[in-house]
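Take a walk through this fold with the model on your screen.

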Amino acid sequence: MQPKKPFLKVLNNQTENHIPCWFMRQAGRYLPEYRALREEAGGFLNMVYNPENASEITLQPIRRFKMDAAILFSDILVVPQALGQKLEFLAGEGPKLNKVSNEKDLKILDVKNIDNILSPVYETIKLTRQKLTDEGFDQTALIGFAGSPWTVATYMVEGGGSKTYENVKSWAYGNPETFQKLIDILVSSTTHYLIKQIEAGVEAIQLFDSWSGVLDEDNFNKWVIVPTAQIVANVREKYPNIPIIGFPRGAGTMSKNYAEKTGITVIGLDFTMPLDWARDNLQNIMPVQGNLDPVTLLTGGEALKTAAIHILDSLSDKPFVFNLGHGVIKETPPEHVEQLVNIIRNYKK
Ligand code: CP3
């Protein structure tokens with residue numbers, strides 16, 4: 001069956017007059033209605049695990065800006081939490097996890113019972129699909145997601161964000177056999193989590209590999225391409241037609257190998273990716289998604305218009321989804337998001 005929603009048509013390799021758009025982190029702190037609900041809920045994870053709150057937040061940007069896709073409100077770090085790692089989001093500090101440093105620490109991770117923690121996420125998906133229908137957003141697709149094993153492992157081993165990735169890289173480079181065990185746990189839990197999201201109603205999936213750009217070529221192949229390919233193959237075994245967007249942030253020219261070897265449907269581009277190179281080396285293989293610098297969106301005005309038009313001129317001849325090259329920055333005025341959606345909607349070559 002051919003998809004009807006514009007976003008899904010493009011993922012299915014069809015060119016659309018209507019260029020679909022959505023923006024990474026489109027639900028979040030730049031929206032006053034998000035901040036109000038977070039205040040009321042008493043923190044980020046209280047919203048993530050409350051289907052009523054999480055579905056409201058998923059819909060907030062759609063009600064304002066009518067993007068072509070809504071993205072499930074959750075986080076990539078719910079998987080380590082469901083595996084048994086302690087996770088906290090301290091206000092203004094980002095995520096904190098108790099570190100997993102070696103093979104012995106892997107014992108705390110339990111792949112079998114992750115749905116005990118994750119089942120509210122599946123409820124959120126059902127509820128969000130229902131609300132999209134009830135509110136007349138019948139052209140809006142719902143995207144599910146997970147972090148890719150490498151990126152999730154960086155948070156698990158570093159205990160949060162990092163500048164140098166010394167701990168996780170030392171483990172991966174120095175003791176690849178035991179690091180592989182951590183990656184294998186993430187491949188199987190992520191596969192399970194994505195299949196459950198599809199069963200609950202997501203219509204496409206994005207794999208976020210935010211830190212794929214910190215590895216050399218051999219390690220990129222080993223820890224980014226191979227595990228991603230395994231997840232894609234596992235999910236496709238059950239759902240052969242589910243569109244999967246891969247977002248290997250910072251991968252540069254290694255993106256081509258990633259696009260060819262992982263089995264993904266669409267490749268997400270970060271904002272450092274040259275548009276001509278992406279058109280000639282990636283968009284000839286598959287649809288692309290990207291890649292406006294979020295600071296351009298923060299800036300607004302002529303700078304926003306010029307950069308958005310340049311992207312549209314470069315990539316709109318073949319299947320293309322407009323997005324940012326990373327997430328919306330929390331200081332972004334909502335009016336700038338409205339300006340950007342208008343530029344995309346009114347674009348004619
Ligand atoms: O709107 C959406 O895009 C959907 C929801 C979503 C969130 N996180 C909500 C969130 C998605 C898809 C993510 C993915 C995610 N989470 C990634 C991959 C994308 C990327 O940004 O590179 C990563 C690395 C994380 C881990 C994470 N979550 C960090 C490092 C932080 C702290 C930094 C920050 O921006 O606050 C979070 C918190 C987080 N995840 C917030 C939101 C809305 C902010 C929470 C708050 O303070 O209200």
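Two strands count as a pair if DSSP finds at least two bridges between them. Helices (H or I, at least four residues) and strands (E, at least two) are DSSP runs, numbered from the N terminus. The model is predicted: local features need pLDDT of at least 70, side-chain atom pairs count only at pLDDT 80 or more, and totals for chains, interfaces and linings use all residues. Residues are numbered from 1 along each chain as its sequence is written, and side-chain values use heavy atoms, with hydrogens and water left out.

Start at strand E8, residues 288-292. Five bridges join E8 to E9, and the two run parallel. Find Gly290: its bridge partner in E9 is Phe322.

Now widen the view. Seven strands form an open sheet with parallel pairing, in the order E1-E4-E5-E6-E7-E8-E9. At the edges lie E1 (69-71) and E9 (320-324), and each pairs on one side only. From one strand to the next, the twist averages 25°. Angles run from 0 to 180 degrees between N-to-C directions, using axes fitted to C-alpha atoms, for helices over the stretch in contact (heavy atoms within 4.5 Å).

Which helix lies across E4 and E5? Helix H9 (176-200) does, running at about 170° to E4.

A cavity is a set of points on a 1 Å grid over the protein atoms alone, where a 1.4 Å probe fits but cannot get out. The whole structure has one cavity of 30 Å³ or more. Lining residues (an atom within 4 Å of a point) include Val10, Glu16 and Phe320.

Terms used: 1 Å grid on protein atoms, 1.4 Å probe; cavity = no way out; pocket = protein on both sides within 12 Å on 5 of 7 lines; lining within 4 Å. Points joined across faces, edges and corners; volume = space filled by probe spheres on them.
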